[in-house]
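Visitor: I am new to this structure. Please take one residue and describe its surroundings closely.

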Amino acid sequence: MKLDNMFKKTRLASGRKGYISISPSKPEVPEGLLRKCNKCGGAIITEEVKNNYYICPKCGGYFRVHAYRRVEMVADEGTFEEWDQGLATINPLEYKGYEEKLQTLREKTGLEEAVITGKACIDGTEVVLGVCDGRFLMASMGEVVGEKITRAVERATKEKLPVIIFACSGGARMQEGIVSLMQMAKTSAALKRHSDAGLLYISVLTDPTTGGVTASFAMLGDVILAEPKALIGFAGPRVIEQTIGQKLPKGFQRSEFLLEHGFLDGIVERPQLKETLSQILLLHEKADREAIEEAIEEAIEEAIRTSEDSEKTEVQSESAGSKEPGVHNRLAEAWDRVQLSRMNDRPVGSDYIRTLFTDFIEFHGDRCFADDKAIIGGVARFHSMPVTVIAQAKGTNTKENIERNFGMPSPDGYRKALRLMKQAEKFDRPVICLVDTPGAFCGLEAEERGQGEAIARNIYEMSGLKVPVLSIVIGEGGSGGALAMATADEVWMLENSIYSILSPEGFASILWKDSTRAREAASVMKLTASDLKHMGIVEKVFPEPSHYTVQNLKEVTYALENEIERFLIHYGRMSVEERLEHRYDRFRKM
């Protein structure tokens, strides 16, 4: 028996060195069936990821999406018409190897450049789309990228269409130098003309959006949305860390960080993105104002036929308030109403928004520093008419009150409110403000960020807003903090709301050096709704149930609804000049 080759290693048919195994061979996975999540490292089925909007089913992490797949996700099937194909990138700096690199990327990605543009429909609404693709030089903005975006915006302006751009970029394209830098100005200037034409631009920020793209078209949207946890910033994290010599905190420059700091209107999960875009687009469609007014008038006539006349109710309330009780009773009445305006179970701004309006979409942030939760604002419908509604927001429990700073806005809140008002002016939407604040926040950080300037700016700009403005005091109307939301065509109050120069406690403390005389101060200050109606400070007063809560809120909102309808018709029919003159005269007489 020959044993020469007994212990010699043999090569398997597969070409692998080793030994003959008696165990079954390892099953082979078909190519492309599985892939690895770059967030959690887990093995995931490719088809499952595709069917789940390219989101990891294990950790919820977002995969980056190719441009044409992004279009498939948001556009109605078969409606995308691509524009400006074939634009050739030149090599302005004659950078060595640049042209070859571009050609390699074209072959690898199937793209001509880092952005595709065109026209499509989203739930039937025609829009212009621009979608960046990070596979092509990190979607950096060279001359062709800037040119395609600019051409798309120009065509949208000409055809009076909204624009939606999905940003994803490493910033300016280094290989094109100063030419790349100029694309920031070119795209921004085109968007300015689009905005001046009264047209909507929605910017959607995806991972990552940095550099010159962030510092130009990405942050100029009328509405700015972002996907969860997307990296968004001007300088990249590595550059910042190298510059300051420190490790950045967790979550820095992510979508959630930007929302907290006032730079985003909202973070939208990918499966809900198309629906959200559709809602925003519909709320910004140019409405047939006459048709809406006719519908509102019909609703008023129907309400009159089926209910008691709201004006009769108001007259009765005014008559009751016009009685001249003795001094002791007047003291009790004023102070009692102060207490009622502060009741913990009294309806707050968000309750009125839910009850009076439909299709409300909240927009966040002042685009400067923060998203102040003491102010809620956004776009909604009132009987089919798009309106901007802004509320000073108290909470319904201790936790919410702390979160909303007990309804005391900071400068960031007033700047957010003003941003939304100016947006309403651009799109010719009436503004409805719900006032409920003890006063603007008094604190070190509020003064550092310019509380006085923010309030003054609101009053200044509201006096000249070209759209109808209505303010309703639903609880406390404290000082300049309330006036910054109540420089309006008309101001209304609920029966047990108050509106004053400051709190009774503060009044007594300043004038009498004794805050315990707040009860007496309440009467002297003439802060009740009936007092202010008699003085001509407010136009309407609405009665309340004896114990006013969310459960009987509709008793009040029903009357409010009828009067808001009349307000919108009356002021909507005025010319801009007539509205501005009326508003000026209103305050000029005081």
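Guide: Helices (H or I, at least four residues) and strands (E, at least two) are DSSP runs, numbered from the N terminus. On that basis, D265 sits in the loop between α8 (255-260) and β12 (266-267). Residues are numbered from 1 along each chain as its sequence is written. The model is predicted, with local features needing pLDDT of at least 70 and side-chain atom pairs counting only at pLDDT 80 or more, while totals for chains, interfaces and linings use all residues; side-chain values use heavy atoms, leaving out hydrogens and water.

Is D265 buried or exposed? D265 counts as buried because its relative accessibility is 1%, where buried means under 20% relative accessible area, exposed over 50% and partly exposed in between (1.4 Å probe, protein chains only).

The side chain of D265 makes a polar contact of 2.6 Å with that of R367. A polar contact is a pair of N or O atoms within 3.5 Å; within protein, one must be able to donate a hydrogen and the other to accept it, and residues adjacent in sequence count only if both atoms are side-chain atoms.

Contact in general means heavy atoms within 4.5 Å. Beyond its neighbours within four places in sequence, D265 is in contact with D222, V223, I224, L225, L259, E362, F363, H364, R367 and R419.

As for the whole chain, it holds 23 helices and 20 strands, and 50% of its 590 residues count as buried. Of the chain's contacts between residues at least 6 apart in sequence, 72% join residues at least 24 apart.
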